[in-house]
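Please keep the sequence and the model in view while reading.

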Amino acid sequence: MTSFTVRRARTSDVKSIRALVKPLANDRVLLEKEAVAYYENLQEFFVAEDEAGAVIGCGGLHVMWEDIAEVRTLATDGAWRGKGVGHQILDRLLAEARELGVARVFCLTFEVDFFLRHGFSVMEEQSAVDPEVYSELLRSTDEGVAEFLDLARVKPNTLGNTRMIVRF
Ligand SMILES: CC(C)(COP(=O)(O)OP(=O)(O)OC[C@H]1O[C@@H](n2cnc3c(N)ncnc32)[C@H](O)[C@@H]1OP(=O)(O)O)[C@@H](O)C(=O)NCCC(=O)NCCS
């Protein structure tokens with residue numbers, strides 16, 4: 001069975017999304033969040049489901065500022081890797097970014113080749129936002145934003161990851 005569809009996430013998908021993220025968070029590939037954070041941010045998420053309706057992939061788009069958003073929690077179930085699930089979810093997230101009026105999308109990842117194929121390039125340190133926006137983003141309590149800003153307190157999370165960005 002190789003057929004799947006990508007759709008907006010529903011509240012009933014949160015358990016499946018967390019199950020996808022858990023092993024990747026244990027390996028420090030993704031950031032694990034509390035269950036409540038998934039419900040609160042549900043509108044950011046898309047999922048892929050197989051023909052039986054099981055969730056086999058997920059991904060979110062988090063808006064950070066007027067012109068910048070982040071792809072986060074992009075994950076495909078191990079048994080479904082290499083079948084185009086990640087590409088379709090990412091395409092959907094980038095379409096969403098365009099629709100929302102975002103000009104640039106950031107990601108922090110070990111999957112550099114995968115993102116290169118989607119037009120992302122490796123980011124120069126600190127070049128994505130001007131100092132004024134940087135100081136505004138410092139007010140955020142979101143861990144992903146802290147990682148984007150490369151703050152000292154999240155350095156252990158970002159170790160070995162590559163910062164990438166695509167501009168529309
Ligand atoms: C990154 C990740 C989501 C990719 O998921 P995936 O479903 O395996 O991705 P795809 O199948 O679309 O693409 C993977 C490869 O399979 C190949 N592929 C095989 N069949 C394919 C198809 N039908 N359509 C498109 N690509 C296909 C592609 O060439 C692709 O190569 P590339 O990575 O060099 O571009 C997955 O590896 C993952 O869960 N990683 C851990 C979490 C993570 O690091 N997330 C990113 C940071 S948020």
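What radius of gyration would a compact globule of 168 residues have, and what value does the protein chain have? In this predicted model, the protein chain has a radius of gyration of 15 Å, which agrees with the value near 15 Å that a compact globule with 168 residues would have. Taken along the principal axes, the C-alpha atoms fill a box of roughly 50 × 30 × 30 Å. Of the 168 residues, 30% count as buried, and among contacts between residues at least 6 apart in sequence, 66% join residues at least 24 apart.

The secondary structure consists of seven helices and seven strands, which follow one another along the sequence in the pattern β-α-α-β-β-β-α-β-α-β-α-α-α-β. Of the helices, H1 (residues 14-26) may be taken as an example: with 13 residues, H1 reaches 18 Å from its first C-alpha to its last, close to the 18 Å expected at 1.5 Å a residue. Just after H1, Arg28 takes a positive phi of about 65°.

Seven strands form an open sheet in the order E1-E2-E3-E4-E5-E7-E6, with mixed pairing. E1 and E6 (121-122) stand at the edges, and because each has a single partner strand, one side of each is left without a neighbour in the sheet.

Leaving aside residues up to four places away in sequence, Thr5 touches Ala48 and Glu49. The C-alpha atom of Thr5 is separated by 36 Å from that of Lys155, a residue 150 places away along the chain.

From E2 the sheet continues to strand E3 (residues 55-65), which runs antiparallel to E2 and is joined to it by five bridges, with Phe45 standing opposite Gly60 in E3. E2 and E3 form a hairpin that has four residues between the strands, and Gly53 in its turn has a positive phi of about 90°.

At the other end of the sheet order, E5 and E7 pair in the antiparallel sense over six bridges, and here Arg104 stands opposite Arg167 in E7. Strand E7 (residues 162-167) also pairs with E6, again in the antiparallel sense, over two bridges. In this pairing Ser121 has Ile165 of E7 as its bridge partner, while Val122 stands opposite Met164 in E7.

Which residues come nearest to the ligand? Of the 23 residues around the ligand, the nearest are Thr76, Gly84, Gly86, His87 and Phe114. The elements that give two or more residues to this shell are strand E4 (68-76), helix H3 (85-100), strand E5 (104-109) and helix H4 (112-116). E4 gives the most to the shell, with six residues. By residue class, the shell divides into 10 nonpolar, seven polar and six charged residues.

Two further residues deserve attention for their backbone angles. Most residues other than glycine have a negative phi. Thr73, however, has a positive phi of about 55° although it is not a glycine, and its place is in strand E4. Is Thr73 buried or exposed? Thr73 is buried, because 25 other C-beta atoms lie within 10 Å and the limit for a buried residue is 20 or more.

Asp150 likewise takes a positive phi, near 65°, in a residue other than glycine, but Asp150 is found in the loop between helix H6 (143-149) and helix H7 (155-158). With 13 C-beta neighbours inside 10 Å, Asp150 counts as partly exposed, since its count falls between the 12 or fewer of an exposed residue and the 20 or more of a buried one.

Notes:
Residues are numbered from 1 along each chain as its sequence is written. This is a predicted model: local features need pLDDT of at least 70, side-chain atom pairs count only at pLDDT 80 or more; totals for chains, interfaces and linings use all residues. The radius of gyration is taken over C-alpha atoms; the globule rule is 2.2 Å times the number of residues to the power 0.38. Two residues are in contact if their C-beta atoms, placed from the backbone, lie within 7 Å. Two strands pair if DSSP finds at least two bridges between them. A residue is near a molecule or strand if its C-beta atom, placed from the backbone, lies within 6 Å of it. Ala, Val, Leu, Ile, Met, Phe, Trp, Tyr, Cys and Pro count as nonpolar, Asp, Glu, Lys and Arg as charged, and the others, Gly among them, as polar. The expected span of a helix is 1.5 Å times one less than its number of residues.
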